[in-house]
Amino acid sequence: MASRNFYIQLIVRVLLLTATALGLAFTAVKTWYLLLFFSIVALAGQVYDLIRFINSTNRKIAYFFDAIKNEDFTLRFPERVTIKSFKELNQSLNRVNGLIQEVHLQLQVREKYYQEILKQANIGIMTFNEKGHILFSNPTLEKLFNYSPLNHIKQLRQIDPKLHQVFESFRPFERKLFQLTNEREQIHLALKSTQVVLDEKPLLLVVVQDINEELDEKETESWIRLIRVLTHEIMNTITPITSISESILKYYYKGNDEIVEQLDKDKIKSAARGLEVIKNQGNDLMGFVQSYRSFLNFPKPDKKIVDAKKLFEKVQVLMQLDLEDGIEIKWIQLSENLEFFIDEKQLTQVLINLVKNAIHSLENQPSGLIEVIAGINAKNRKYIAIKDNGPGIPEDMMDEIFVPFFTTKEKGTGVGLSLSRQIIQLHGGSLKLYSEPNVETTFTLTF
């Protein structure tokens, strides 16, 4: 065997190769052309055999890597050989083969574990490539869409054509809401996309979540807050009316419900003043109801392209009369040639309202600073931020300030912030608040 007599065979091959070379030289000198021809053939054959013999180790390693490539871990190299170098090499190859096999089995176990997690997750998960081929979709997603199996996003047309348009236009790191209507119910879905790379090919991973329960909870919570505010305002208006009405009625009745025919002048004057208060309270209540009606019937925005610089200049002029001493307003545009597709009148009113709120929060505070910043964020979305260094908003009021008619001011209807948020939502954007007491308060309009 070659593995047992490696050195002997190598020496024999070298000696034969030397003898053949000498014979070749001898026949060439003697000009024995026939023997010269056979000597050349013999020399070439011996060189080829020597190279093949030495390359047997390389072939062994090549077989090893081919087996790894084909995930064939049954390949074993003999370790009971007389040549020590061969024995060590075979042992090393077998050891590496065992380690790779162990890692491969661990990866398979993990893959099954992660697949089971994805199958049992209560949110829908889908990945698809640039051509729309769906590489993975878990059972939750198929249950939400009531469609199985999903192989291509074109199949979403059969569920809802608009749903297919949403997935077809999806870009990485986008968030979308979609209302899916089927034969059984209406489902509100929240969709979020993320880009992943598999085998150097970009894929889009979309997470789909049923948010019906969350919306129901938020809706109930919003109704509770609104009813609380409405009840408070109505009771504050009606309580004086009831009290004064009872006082006036006492002027006209004696005991046992006997009606008084004549009243003195003082009681008549008191009754007149009471009726005046009742009238004013009634007008206040009517005004409150009217403001509520105007809040519900707000017109849709008439959008057009507006330059950010011109928008700032307009609001700056309108705010000059409201600006107080000791308060500085900075108008900052972070991106050149920045434009917004908005209803200019509505957004101007929103900015005025937010800047006025910032001014009120800085009353009696030295070195008040307001910054109105326009730019483009990391998600390539345009925004306007109104930031001040006032006392901030307490944490327990953060969820209340956007509730219609809720206000902390002595004067005011409490519809400013809720109306501003409604305007931004009609523009397809959002109005968010960040506040750190005595450091920073920022209202951010994102489009």
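This is a short chat about a few local features of a predicted model.

Trainee: Which residues form the negative surface patch?
Mentor: Asp210, Glu213, Glu214 and Glu217 form it.

Trainee: Which helix gives the most to that patch?
Mentor: Helix H8, residues 212-252, with three residues. Glu213 is found in H8.

Trainee: Is Glu213 buried or exposed?
Mentor: Exposed. Its relative accessible area is 59%, and the cut-off for exposed is over 50%.

Trainee: Switching to helix H10. Which of its residues are buried?
Mentor: H10 covers residues 308-318, and its buried residues are Ala308, Leu311, Phe312 and Val315.

Trainee: Why do they line one face of the helix?
Mentor: Look down the axis of H10. The buried residues fall within an arc of 95°, so they line one face.

Trainee: And what is exposed on the other side of H10?
Mentor: Lys309, Lys310 and Val317.

Trainee: New topic, the backbone. Which residues does the cis peptide bond join?
Mentor: Ser148 and Pro149, with omega about -5°. Pro149 lies in the loop between helix H5 (139-145) and helix H6 (156-159).

Trainee: What about phi of Asn337?
Mentor: Positive, about 55°, although Asn337 is not a glycine. Asn337 sits in the loop between strand E7 (327-333) and strand E8 (339-342). Asn337 counts as exposed, at 69% relative accessibility.

Trainee: And phi of Asn380?
Mentor: Near 65°, a positive value in a residue other than glycine.

Trainee: Where is Asn380, then?
Mentor: In the loop between strand E9 (368-376) and strand E10 (382-388). At 64% relative accessibility, Asn380 counts as exposed.

Key: Residues are numbered from 1 along each chain as its sequence is written. This is a predicted model: local features need pLDDT of at least 70, side-chain atom pairs count only at pLDDT 80 or more; totals for chains, interfaces and linings use all residues. Side-chain values use heavy atoms; hydrogens and water are left out. Patches are made of residues with over 30% relative accessible area and no salt bridge: like charges are joined within 9 Å, nonpolar side chains (Val, Leu, Ile, Met, Phe, Trp, Tyr) within 5 Å. Accessible areas come from the Shrake-Rupley method with a 1.4 Å probe; for residues, only the protein chains shown count as cover. A salt bridge is a side-chain nitrogen of Lys or Arg within 4 Å of a carboxyl oxygen of Asp or Glu. Lys and Arg count as positive and Asp and Glu as negative; His and the chain ends are not counted. The place of a charge is taken as NZ of Lys, CZ of Arg, CG of Asp or CD of Glu. Helices (H or I, at least four residues) and strands (E, at least two) are DSSP runs, numbered from the N terminus. Buried means under 20% relative accessible area, exposed over 50%, partly exposed in between (1.4 Å probe, protein chains only). The arc is that of the directions from the helix axis to the C-beta atoms.
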